[in-house]
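Please look at the sequence and the structure together.

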Amino acid sequence: MKAQGKASSVSVYFRSMPSGYAFGINPYEKYYPASLLKVPTMIAYLKAGMDDIGLLVKKVKFAKPFENMPMNNIPDKLELGKEYTISELMVRMLISSDNDATMLLHQNIDPKCYPNTLKELELNIPEMVREDDNYLSVIDYSRIWRILYNASYLNQNNSNYVLMLLSKAIFGEGIPAGTPGKTLAHKFGEWDYNGTIQLHDCGIVYYGDNTYMLSIMTKGKIGHHLSLPLLIFPKQCRILCII
């Protein structure tokens, strides 16, 4: 795909969850994570909710659309003037990747909570990020999945809750297209800036004793056929199980 000019950069990171065996292809390349950061946003809220029992049932109003935000092509958008609980917004953020829900969540949490969570998760994300910054690699992001799978940051119930929501994500391309019939918890990210598009998909594929984590990040020029399903999982080479 790179030789054909359909992708300028591709990175893959695989890790067997039972054994810890791992390998990467171009694993240190940096990308713009876009919606991948909705997962640590969820983690930050659940962590804060352990100390503030009323946080997740707090209601906030969607008073006006957010400017300069990418439009989501989702079936059930937030209604102007309607109130939503923090829990409802978190569900929308992870399942349909709702940008308005995400912005409302960021507006209604302690400003220090999210950056502190990123620091504790050892995600080295700069405080001030420009739209052309590439700052996260597949290895960096893989830490999220190990933390959730092992319940090493949130408790077991909250870790399982995040993974359950991510297993209901409506994005059916990327890893789901290459692992038909398998249960997986995953998050995709898409970024379009200055003639370059980035498509990412990362998650855990549940396959009995061979459960594994897979993180894929890609970059390519707009106008070229950059497609995660075809790029990573061509029809003649679908991944059903990696041991």
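The buried residues of helix H3 are covered by parts of the chain that include H1, E3 and H2. Cover is judged here by contact, meaning heavy atoms within 4.5 Å. Helices (H or I, at least four residues) and strands (E, at least two) are DSSP runs, numbered from the N terminus. Helix H3 spans residues 99–107, and its buried residues are Asn 99, Ala 101, Thr 102, Leu 104 and Leu 105. A residue is called buried under 20% relative accessible area, exposed over 50%, and partly exposed in between, with a 1.4 Å probe and protein chains only.

The model is predicted: local features need pLDDT of at least 70, and side-chain atom pairs count only at pLDDT 80 or more, while totals for chains, interfaces and linings use all residues. Residues are numbered from 1 along each chain as its sequence is written, and side-chain values use heavy atoms, with hydrogens and water left out.

Consider now the chain as a whole. It contains eight helices and seven strands, and 51% of its 243 residues count as buried. Among contacts with a separation of 6 or more, 63% are between residues 24 or more positions apart. The chain exposes about 12300 Å², of which carbon and sulfur atoms supply 51%; these areas come from the Shrake-Rupley method with a 1.4 Å probe, and for residues only the protein chains shown count as cover.

What lies in the interior? In soluble globular proteins, nonpolar side chains tend to be buried together. A nonpolar core is a set of buried Ala, Val, Leu, Ile, Met, Phe, Trp, Tyr and Cys residues joined through side-chain atoms within 4.5 Å. The largest such core here has 56 residues, and Val 39, Tyr 141, Ile 144, Trp 145, Leu 148 and Val 162 have the most contacts inside it. Helix H1 (residues 38–49) gives this core its largest share, seven residues. A second, separate core has 10 residues, including Val 12, Ile 175, Leu 214 and Ile 216. Tyr 141, apart from its neighbours within four places in sequence, is in contact with Leu 36, Val 39, Leu 136, Lys 187, Cys 202 and Met 217.

Charged side chains also join parts of the chain. A salt bridge is a side-chain nitrogen of Lys or Arg within 4 Å of a carboxyl oxygen of Asp or Glu, and the structure holds four of them. In one, Asp 140 meets Lys 30 at 3.1 Å, N to O. This pair links helix H5 (residues 138–150), where Asp 140 lies, to the loop between E2 and H1, where Lys 30 lies, 110 residues apart. Asp 140 is buried because its relative accessible area is 15%, whereas Lys 30 counts as partly exposed at 36%.

Another salt bridge joins Arg 92 and Asp 76, whose closest N and O atoms are 3.2 Å apart. Arg 92 belongs to helix H2 (residues 86–95), and Asp 76 to the loop between strand E3 (59–61) and strand E4 (83–85), 16 residues apart. Arg 92 counts as buried at 16% relative accessibility, and Asp 76 as partly exposed at 46%.

Arg 143, in helix H5, forms a salt bridge with Glu 122 (4.0 Å, N to O). Glu 122 lies in the loop between helix H4 (113–120) and H5, 21 residues apart from its partner, and counts as exposed because its relative accessibility is 51%.

Thr 211 lies in the loop between strand E6 (196–206) and strand E7 (212–221). Is Thr 211 buried or exposed? At 4% relative accessibility, Thr 211 counts as buried. A polar atom of its side chain lies 3.2 Å from the backbone nitrogen of Tyr 207, and one lies 3.0 Å from the backbone oxygen of Gly 208.

Key. Polar contact = N/O pair within 3.5 Å; in protein donor to acceptor, adjacent residues only side chain to side chain.
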